[in-house]
Amino acid sequence: MKLFKILFLSVAVLVCTSSNNLSGLVPAYDSDYVQASSITHHGEQYKVISMKRSGKRVRAKYFAYKLNGQEIYQRYNNWKSGKDVILYTSGTYMDYSFDAKTAKLKGLTVDNGKIVNGNLAKNYKTGKDEMDGLVIVYPHGGIAVSNLKERNLKLSGGNANPNKLYDLRGSSSDLYQFKEWAKSQRATVFQTHLLAFKDKLQFEYNVNKTENPRERRFLAIGYAPNGDVMHCIVHKPEHASLYEASKKVLNFLNERKRMEVLALLNLDTGAQDVVQIYTKSGNVNNMITSTNNQTIYNARNLLVYYFE
């Protein structure tokens, strides 16, 4: 009986030591697919979470906005049960309000097929188009990025014409059809600044623009030398303008990581700078932290990567 009590107590202790992956005993993710590293390149630091998408073990989820009376953190907490989360980070921008709790999202936004904001982003001063990166997160965890400037978005499934090139900026009909497609496919969509596309910077005109230097965070999607699809979260702690940071991060990914960069996208490190990284054992990794001590309770939107 005494031995039985000891064994029962041991099992109870193991069950109670749960972490991000529920048990804490089985790795939350495979290090062959996910690697976290801090690298010095040309005298500057880059903190990188590299994720290999081959085999579709690494998946993405995006919470675009509060829905059905639930805030982002509530939706995330309900969803994450049984999931092995790699990281989460704030995604796209809010409007020009400085209050993260009341601000709305900028640009075209769809959350799991529900239209949150049906309008494409425009500069509030000039009325010109802005934020060329259109990001589509599919229910199965894949991500596609389109350059709205190229006006050649391809769609498949649902009511889409696979032979058509959709121009969301130039055709109100195309924009309407895209939103109907997103509804039918339960797609999640958001806009952000497309900083580099196909290994080329996209906003050279900003080189002399006065900008407040700050820490920067990016989502990079591209290809490893062996052809594997790679998703990387790159955090650059040294303060820099968006242009300078983008230029250096693109160079780092090309030279040091030998990565062909399809798209480099900006992630918000402003009023809602929310970020959390996990180790493969499911514990918190403080390699990247919020610049202003924001927590998930402050999130207005959330990009999550998880492992299956």
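This is a predicted model: local features need pLDDT of at least 70, side-chain atom pairs count only at pLDDT 80 or more; totals for chains, interfaces and linings use all residues.
Biologist: How many residues apart are Ser184 and Gly158 in sequence, and what is the distance in space?

Modeller: Ser184 and Gly158 are 26 residues apart in sequence, with 6.1 Å between their C-alpha atoms.

Biologist: Is Ser184 buried, exposed or partly exposed?

Modeller: Ser184 counts as partly exposed because its relative accessibility is 44%. Buried means under 20% relative accessible area, exposed over 50%, and partly exposed in between (1.4 Å probe, protein chains only).

Biologist: Now the whole chain. How many helices and strands does the protein chain have?

Modeller: The protein chain has four helices and 17 strands. Of its 308 residues, 50% count as buried.

Biologist: What share of the contacts comes from residues 24 or more positions apart?

Modeller: Among contacts in the protein chain with a separation of 6 or more, 68% are made by residues 24 or more positions apart.

Biologist: How many salt bridges does a search of the whole structure find?

Modeller: The search finds 15 salt bridges. A salt bridge is a side-chain nitrogen of Lys or Arg within 4 Å of a carboxyl oxygen of Asp or Glu.

Biologist: Which residue meets Glu44 in a salt bridge?

Modeller: The side chain of Glu44 forms a salt bridge with that of Lys236, at 2.4 Å from N to O. This pair links distant parts of the chain, 192 residues apart, with Glu44 in strand β2 and Lys236 in strand β13 (residues 229-240). Strand β2 covers residues 44-52. Both partners, Glu44 and Lys236, are buried.

Biologist: What else does Glu44 touch?

Modeller: Not counting residues up to four places away in sequence, Glu44 touches Ile39, Lys236, Glu238 and Lys248. A polar contact of 2.8 Å also joins the side chains of Glu44 and Lys248. A polar contact is a pair of N or O atoms within 3.5 Å; within protein, one must be able to donate a hydrogen and the other to accept it, and residues adjacent in sequence count only if both atoms are side-chain atoms.

Biologist: What about Glu71? Which residue forms a salt bridge with Glu71?

Modeller: The partner of Glu71 is Arg300, and their closest N and O atoms are 3.6 Å apart. Glu71 lies in the loop between β3 (58-63) and α2 (72-79) and Arg300 in the loop between β16 (284-285) and β17 (302-307), so the pair ties together parts that are 229 residues apart in sequence. Glu71, at 25% relative accessibility, counts as partly exposed, whereas Arg300 is buried, with a relative accessible area of 8%.

Biologist: And Arg217: with which residue does Arg217 form a salt bridge?

Modeller: Arg217 pairs with Asp273, the closest N and O atoms being 2.9 Å apart. The two sit in distant parts of the chain, 56 residues apart: Arg217 in strand β12 (residues 214-223), Asp273 in the loop between β14 (260-267) and β15 (275-278). Arg217 is buried, and so is Asp273.

Biologist: Which residues are linked in a network of salt bridges?

Modeller: Lys122, Asp129, Asp132, Lys149 and Arg169 are linked in such a network.

Biologist: A change of topic, to the backbone. What is the phi of Met131, and where does Met131 lie?

Modeller: Met131 has a positive phi of about 60° although it is not a glycine. Most residues other than glycine have a negative phi. Met131 lies in the loop between β6 (114-117) and β7 (133-137), and counts as buried at 2% relative accessibility.

Biologist: And Asn293: what is its phi, and is Asn293 buried or exposed?

Modeller: Asn293, not a glycine either, has a positive phi of about 60°. Its place is in the loop between β16 and β17. Asn293 counts as exposed because its relative accessibility is 69%.

Key:
Residues are numbered from 1 along each chain as its sequence is written. Side-chain values use heavy atoms; hydrogens and water are left out. Contact means heavy atoms within 4.5 Å.
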